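Student: Please take a close look at one part of this model, and give the cut-offs behind each term.

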Amino acid sequence: MGAQWSDKRHNYGLFAFYGFLGGLANNAVRRSNNPLAPLALLTLTSTTWMGFVLAISGMEAWVKFKAPLLLRHVGFDVGRHVFSALSAVECAFVCNQLYTLYAGDLLSKTEYSRTPLILTGMVFVQLVVLSPKLENLGKIIIAEGGNEKEFSTEKSSKAFSSIRKEVAKKKLYKPARFIHQSYVVMELVKVVMLGNYAYNIASSINII
């Protein structure tokens, strides 16, 4: 995770911010002494998480390439930053949900813990196995499609030069197509699981 976020230090800020919000929410739940409060928080976290995935994977990921003035390699640079930021937020959601389960004494109840534990595994696979390969794909496309003359600022020119040198030095290669396909499928599965989980819990405590 550190290597993947090395040039995107704002991700640590995102993780800390959403982790802090989750901590505040869990603290409020603990102080409420309401046995249904942890379930309500799990519902809120799940719907918020689902919204993030839908907004990024279901809209931003492909809509940006519809912009006629956005060059393809620039779009990939935007994408690799946005998706690494999403990973940071998802890590915070994972931590928040696991803590809610622990603090609410729900870890042993499979009807509440099964989905968050499966989602934790999926985020781990995406973060550790799939995302680094897709990050490399983005860097290769940036290195192949970019030209130093098109970057007008010192910061952008330096960033492009660094990526191009990394691709050449490490001899990065494009991952197999199924890597990206696997990531997309996992995003769809997450949306379905989060939506179903939130709906079932909300129904069980008569929120809906």
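Tutor: The answer takes one serine and then the largest pocket. This is a predicted model, in which local features need pLDDT of at least 70, side-chain atom pairs count only at pLDDT 80 or more, and totals for chains, interfaces and linings use all residues. Residues are numbered from 1 along each chain as its sequence is written, and side-chain values use heavy atoms, with hydrogens and water left out.

Serine 57 sits in helix α2, residues 37-63 (helices are DSSP runs of H or I with at least four residues, numbered from the N terminus). Leaving aside residues up to four places away in sequence, serine 57 touches Trp62, Phe83, Leu86 and Glu187, where contact means heavy atoms within 4.5 Å. With glutamate 187, the side chain of serine 57 makes a polar contact of 2.4 Å (a pair of N or O atoms within 3.5 Å; within protein, one must be able to donate a hydrogen and the other to accept it, and residues adjacent in sequence count only if both atoms are side-chain atoms). The largest pocket is lined by 27 residues, with Ala61, Phe83, Leu134, His180 and Tyr183 nearest its centre (on a 1 Å grid over the protein atoms alone, a pocket is an open set of points where a 1.4 Å probe fits, with protein on both sides within 12 Å along at least five of seven lines; lining residues have an atom within 4 Å of a point). Helix α3 gives the most to this lining, seven residues.

Definitions and conventions
Helices (H or I, at least four residues) and strands (E, at least two) are DSSP runs, numbered from the N terminus.
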